[in-house]
Amino acid sequence: MRRRTTITIIVLATLGLVAICVLFAFAALRIYRLADLVPVPKQLEEPRVVVGQELLRRDVFAHFGFLDSARDLGRITDVAVGEYDPHPGLDVVIAGSRGAFVLDRNGVIQNQAEFQFKVSKQKFGPFHFDNEESQLGDVQVVDLEGDGVSEYLARGSLDGAALFDHQGKMLLTYGKYTKGRGSIQDLTVGDLDGDGIDELVVSWDGIEVFDKSGRPRAQVAEKFSPMQVEVVDTNGDGKKEIISVDAELKIRDSTGHVLKEVELPAYFGKFSLCQLPGQDQPVILGVQDGKVWLIDLAGNILSQFDAPLSKFDDTVQRLPNGEELHGTSVFESRGVWIKFTKDWPEYLAVITGFGPLDRSVLDVFTSSGKLVYQEVLPEHCRSLAILPPTDPSAAPELLVAGQETVWRYRALK
Ligand SMILES: [Ca+2]
Ligand SMILES: [Ca+2]
Ligand SMILES: [Ca+2]
């Protein structure tokens with residue numbers, strides 16, 4: 001009898017353990033595959049080249065799979081090409097939510113940084129555990145002093161925004177969520193006083209400016225603060241201003257006070273700055289209403305290119321906790337002008353991402369807005385960069401960064 005009871009207890013305990021494991025696995029899977037909860041619109045279901053198969057060739061520059069190096073890198077949020085580590089020579093830096101890799105031009109890893117997050121003590125019922133504060137938003141490659149050694153800027157989320165040095169050591173963090181204040185909207189960097197060292201510009205209940213070490217410089221309190229701020233010289237006088245773009249372009253001086261507001265014909269939540277060929281000042285690039293917009297820093301519309309596959313009905317999915325997911329609105333877009341070969345004109349390559357979808361669209365336009373290449377990519381892509389050739393007479397390549405893969409495009413001739 002006793003033996004049977006013991007066996008029953010063992011069986012029940014094993015079953016319980018298995019059930020707990022299954023539940024945990026399911027929970028982990030749900031978090032990782034959150035994107036799967038949002039229906040992919042028909043037009044984006046199948047990753048494919050839609051237009052211009054004969055124009056460009058794509059291959060994998062680097063891949064960081066879920067089981068290998070992705071643990072050190074997290075999901076990729078930025079790719080940058082330039083002089084970014086102490087060894088001379090061109091670097092390709094790939095930054096993710098947990099760290100960054102420096103690669104050479106052939107995609108060979110040179111070194112890596114693992115971000116050292118803050119750890120706080122959390123209490124859950126009778127249990128205490130360490131909570132790693134890694135919800136810091138998209139990470140961007142920056143160089144605060146222009147010394148050719150990269151730093152990493154996490155632009156802010158529930159655990160605030162943060163700066164990491166080249167080795168991944170946390171330099172500062174700011175703007176963590178509190179019940180009263182919410183969390184920081186955005187943190188960006190830029191040299192506002194022209195001394196060659198970047199200042200930090202924060203959007204959080206207004207605009208705050210700090211020096212590189214986090215000492216306060218200026219503050220303007222406001223009820224609503226912009227979702228995104230950037231630092232750029234808007235009028236060509238050599239001094240940089242702070243800009244934000246939503247239903248209007250707002251230009252502020254280096255202390256955060258508004259200098260100028262220009263109404264825009266569409267609402268842009270996120271935007272990027274894009275360098276026009278042969279011009280010093282960048283322009284604002286945004287994708288909205290099925291079009292790629294280029295807007296100069298005085299607020300003039302320069303062009304609107306039709307970007308089919310960037311506009312869908314807003315599919316809303318309700319999660320069990322009541323949270324709504326807006327699946328298919330354009331979330332963010334970035335663009336670069338690239339001359340794929342000596343004989344081709346400059347093309348504008350734009351990568352567009354959609355909320356939490358595992359898809360992006362790469363559009364390549366001529367300067368008059370003709371779509372010459374279009375591809376649906378199987379990952380959420382947030383960044384693109386130009387890889388210049390070693391031999392100046394050769395052709396550059398385009399790098400496009402998805403969450404796990406960085407692809408390389410070159411001209412097919
Ligand atoms: Ca630096
Ligand atoms: Ca400065
Ligand atoms: Ca200026």
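## Helices and strands

The protein chain contains four helices and 33 strands. Both are DSSP runs numbered from the N terminus: helices are H or I runs of at least four residues, and strands are E runs of at least two. This is a predicted model, in which local features need pLDDT of at least 70 and side-chain atom pairs count only at pLDDT 80 or more, while totals for chains, interfaces and linings use all residues. Residues are numbered from 1 along each chain as its sequence is written, and chains are lettered from A and ligands numbered from 1 in the order in which they are written.

## Confidence

The predictor's confidence in each residue is given as pLDDT, from 0 to 100. The protein chain has an average pLDDT of 89, and 87% of the residues score at least 70. Over residues 26-33, pLDDT stays under 50, and for this stretch the model has zero contacts beyond four places in sequence. Two residues are in contact if their C-beta atoms, placed from the backbone, lie within 7 Å.

## Burial and the nonpolar core

Of the 413 residues in the protein chain, 38% are buried. A residue is buried if 20 or more other C-beta atoms lie within 10 Å of its own, exposed if 12 or fewer, and partly exposed in between, with C-beta atoms placed from the backbone. Among contacts between residues at least 6 apart in sequence, 45% join residues at least 24 apart.

In soluble globular proteins, nonpolar side chains tend to be buried together. A nonpolar core is a set of buried Ala, Val, Leu, Ile, Met, Phe, Trp, Tyr and Cys residues joined through C-beta atoms within 7 Å. The largest such core here has 91 residues, and Val93, Ile94, Ala349, Leu384, Leu399, Val400 and Ala401 are those with the most contacts inside it. Strand E28 (residues 347-354) gives the most to this core, with six residues.

## The sheet E2-E33-E32-E31

Four strands in the order E2-E33-E32-E31 make an open sheet with antiparallel pairing. Two strands pair if DSSP finds at least two bridges between them. Strand E2 (56-63) and E31 are the edge strands, each pairing on one side only. From one strand to the next, the twist averages 25 degrees; axes are lines fitted to C-alpha atoms, for helices over the stretch in contact, and angles run from 0 to 180 degrees between N-to-C directions.

Strand E31 (residues 383-387) is largely enclosed by the rest of the structure, because four of its five residues are buried. E31 pairs with strand E32 (residues 397-401) in the antiparallel sense over five bridges. Serine 383 has alanine 401 in E32 as its bridge partner. Beyond its neighbours within four places in sequence, alanine 401 is in contact with Ile76, Asp78, Val79, Ile94, Cys381, Arg382, Ser383, Leu384 and Val406. E32 is also joined by four bridges to strand E33 (residues 405-411), and these two run antiparallel. Here leucine 399 stands opposite arginine 408 in E33.

## The sheet E17-E18-E19-E20

Another open sheet has four strands in the order E17-E18-E19-E20, also with antiparallel pairing. Its edge strands, each pairing on one side only, are strand E17 (230-232) and strand E20 (258-263). The twist averages 25 degrees from one strand to the next.

Five bridges pair strand E19 (residues 248-252) with E20 in the antiparallel sense. Leucine 249 stands opposite valine 262 in E20.

## Loop residues

Aspartate 205 lies in the loop between strand E14 (199-203) and strand E15 (206-210). Although aspartate 205 is not a glycine, it has a positive phi of about 55 degrees. Aspartate 205 counts as partly exposed, because it has 17 C-beta neighbours inside 10 Å. Leucine 309, in the loop between strand E24 (301-306) and strand E25 (316-318), also has a positive phi, of about 80 degrees, although it is not a glycine. Leucine 309 is buried, with 21 other C-beta atoms within 10 Å.

Glutamate 83 is placed in the loop between strand E3 (76-82) and strand E4 (91-96). With 16 C-beta neighbours inside 10 Å, glutamate 83 is partly exposed. Leaving aside neighbours within four places in sequence, glutamate 83 is in contact with Leu90, Asp91 and Gly148. Glycine 148 is 65 residues away from glutamate 83 along the chain, yet their C-alpha atoms are separated by 5.1 Å.
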